[in-house]
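User: I would like to learn how to read strand pairing and a ligand shell in a model. Please take me through an example.

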Amino acid sequence: MQVDVAVLGGGNAALCGAINAALAGCSVLLLESAPKPYRGGNSRHTRNFRCMHQAPIAPLTDSYLEDEYFDDLIKVTKGNTDETLARKAIRESEACLPWMQQQGIRFQPSLSGTLSLSRTNAFFLGGGKALVNALYRRAEALGVEVRYDTEVTHVDMQGERVTEVVFTDERGAEQRVQPKAVIAASGGFQGDTDWLERAWGPGAQNFLIRGTKYNRGVVLRDLLDQGAQSVGDPTQCHAVAIDGRAPKFDGGIASRLDCVPFSVVLNKQGERFYDEGEDVWPKRYAIWGRLVAAQPDQVGFVIIDSRSLELFMPSLYPPLVSDTLAGLIDQMGLPAEPSLASISTFNAACANDLSGFKPMELDGLSTRGLEPAKTNWARPIVEPPFYGYTLRPGVTFTYLGLKVDETSRVQMQNGPAENLWAAGEIMAGSILGQGYLAGFGMTIGTVFGRQAGQEAGAYVRG
Ligand SMILES: Cc1cc2nc3c(=O)[nH]c(=O)nc-3n(C[C@H](O)[C@H](O)[C@H](O)COP(=O)(O)OP(=O)(O)OC[C@H]3O[C@@H](n4cnc5c(N)ncnc54)[C@H](O)[C@@H]3O)c2cc1C
């Protein structure tokens, strides 16, 4: 089978690449391992992308300039970023918004309660699912051939050149295609829990994966084994604490729990282990994935009282509830004595005057003489009924990836690949060495996906 450009993956980065390659006049084959209803990878779960702009541009307000955007990135990655690639992603994000609109993606003003992102992040009308549907419609209208249920198992490299792509089709039969150019956009490896275990240890089997189960790093591993240069650290990933009852895969954004700042969080030994009120939740939720991952059996237990139930976004699953703390602790399967002791020690360390409690801002209402302290919103857990949730680490995506240059071309040990480009999560580790900036995953995928499509198209057209 022959085709100009083979695109490996079926999320945002892949579709941006496929569309631009088709616009350049190439025949394009897109290989998506998920069945059609689950197409679109993690992109299907998204809500927005972060976009530079010089002046208000619907739906974004004010301006958001390169230097501020770059500073925001450096704060979260602590400098662990490739500046050239990062600035390219930032600068070119500005052109992405109108380009996405041309492909049929529609935007809406930012949702209330979404971390004040109206200036920096453009929200997709209908979320990531609508975005993915629009991009598939556009790709198919441009003649891109889409194959679902089709897993790429091998990208055959002869030196720096891809000669063949091997995949299993929807019937499980092995197929081969000899494309002139290839775009790898098959995401991170978080869907392969054995690979996570090799990086994190056995506890990784208890992690939940917030997105697609199809991102198992098959193409990434195959290319690294054939001499593609890697970037990033296998233990670095975006991970948040989510409801412990969420499904193993694909729980999406609805499984996030926002009650931690108003709670006491215990580990399975009944001990507190971190300041639940360190900062406002949008600035802290992403560290709680790692905090819970470091606890015995990778689980946390959140306890609030009735005064806090209405202070956060409703949870996907109803909480456990009891009229007594002892009853709740029993339902949660926690050891009674140390758990009750932790809560009563916490309660005793809270101030008597709670009039300064302000749930929407840092109120400085701190415990005294407690280790670890709770430095904001410290109210005793005393008003029945009492409510409880379990917490698990929820991995969003891993950062280990392929090294690319500014044109998105994959770098092999002996130099740039001749006809292989990469976009999206599979190369994001160059820019996101650690930490995360909300909305930047989709920016990276859109900028480098478009670029990869353009470059592959130009290569094929000579
Ligand atoms: C719950 C959740 C919410 C998020 N919210 C946001 C947000 O609001 N804004 C934001 O910027 N980012 C968000 N992200 C991160 C964002 O989803 C990713 O950064 C982005 O979607 C990456 O796009 P991608 O195309 O590289 O990967 P994906 O969209 O994951 O696509 C990878 C594709 O590759 C396919 N694939 C994998 N292996 C193979 C193989 N061997 N053969 C063939 N196909 C294969 C998969 O099926 C999938 O279609 C969120 C992630 C999650 C999980």
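User: Which residue of S16 does Leu-320 stand opposite?

Analyst: A caution to begin with: this is a predicted model. As a general idea, strands of a sheet pair through backbone hydrogen bonds, either parallel or antiparallel. Here, Leu-320 stands opposite Gly-388 in S16. Leu-320 belongs to strand S15 (residues 320-322), which pairs with S16 in the antiparallel sense over 3 bridges.

User: Which strand is joined to S16 by 7 bridges, and in which sense do they run, parallel or antiparallel?

Analyst: That is strand S12 (residues 237-243), and S12 and S16 run antiparallel.

User: How many bridges join S14 to S16?

Analyst: Strand S14 (residues 300-305) has 6 bridges to S16, and the two run antiparallel. In this pairing, Phe-301 has Thr-390 of S16 as its bridge partner.

User: In which sense do S10 and S16 pair, parallel or antiparallel?

Analyst: Strand S10 (residues 208-209) pairs with S16 in the parallel sense, over 2 bridges. There, Ile-209 is set opposite Val-395 of S16.

User: How many of the residues of S16 are buried?

Analyst: In S16, 13 of its 13 residues are buried, so the strand is mostly covered, given that a residue counts as buried if 20 or more other C-beta atoms lie within 10 Å of its own.

User: What is the order of the strands in the open sheet that contains S3?

Analyst: The order is S3-S5-S4, with antiparallel pairing among these 3 strands. S3 and strand S4 (107-108) are the edge strands, each pairing on one side only. S4 meets strand S5 (residues 121-124) over 2 bridges in the antiparallel sense. Within that pairing, Phe-107 stands opposite Phe-124 of S5.

User: Now the ligand. Which residues come nearest to it?

Analyst: There are 43 residues around the ligand, and Gly-9, Gly-11, Gly-41, Gly-424 and Gly-441 come nearest. By class, the shell divides into 23 polar, 15 nonpolar and 5 charged residues.

User: Which elements each supply at least two residues of that shell?

Analyst: On the helix side they are H1 (12-23), H6 (218-225) and H10 (440-461). On the strand side they are S3 (48-50), S7 (151-158) and S16 (386-398). H10 gives the largest share of the shell, with 4 residues.

Note on methods. Residues are numbered from 1 along each chain as its sequence is written. This is a predicted model: local features need pLDDT of at least 70, side-chain atom pairs count only at pLDDT 80 or more; totals for chains, interfaces and linings use all residues. A residue is near a molecule or strand if its C-beta atom, placed from the backbone, lies within 6 Å of it. Ala, Val, Leu, Ile, Met, Phe, Trp, Tyr, Cys and Pro count as nonpolar, Asp, Glu, Lys and Arg as charged, and the others, Gly among them, as polar. Two strands pair if DSSP finds at least two bridges between them. A residue is buried if 20 or more other C-beta atoms lie within 10 Å of its own, exposed if 12 or fewer, and partly exposed in between; C-beta atoms are placed from the backbone.
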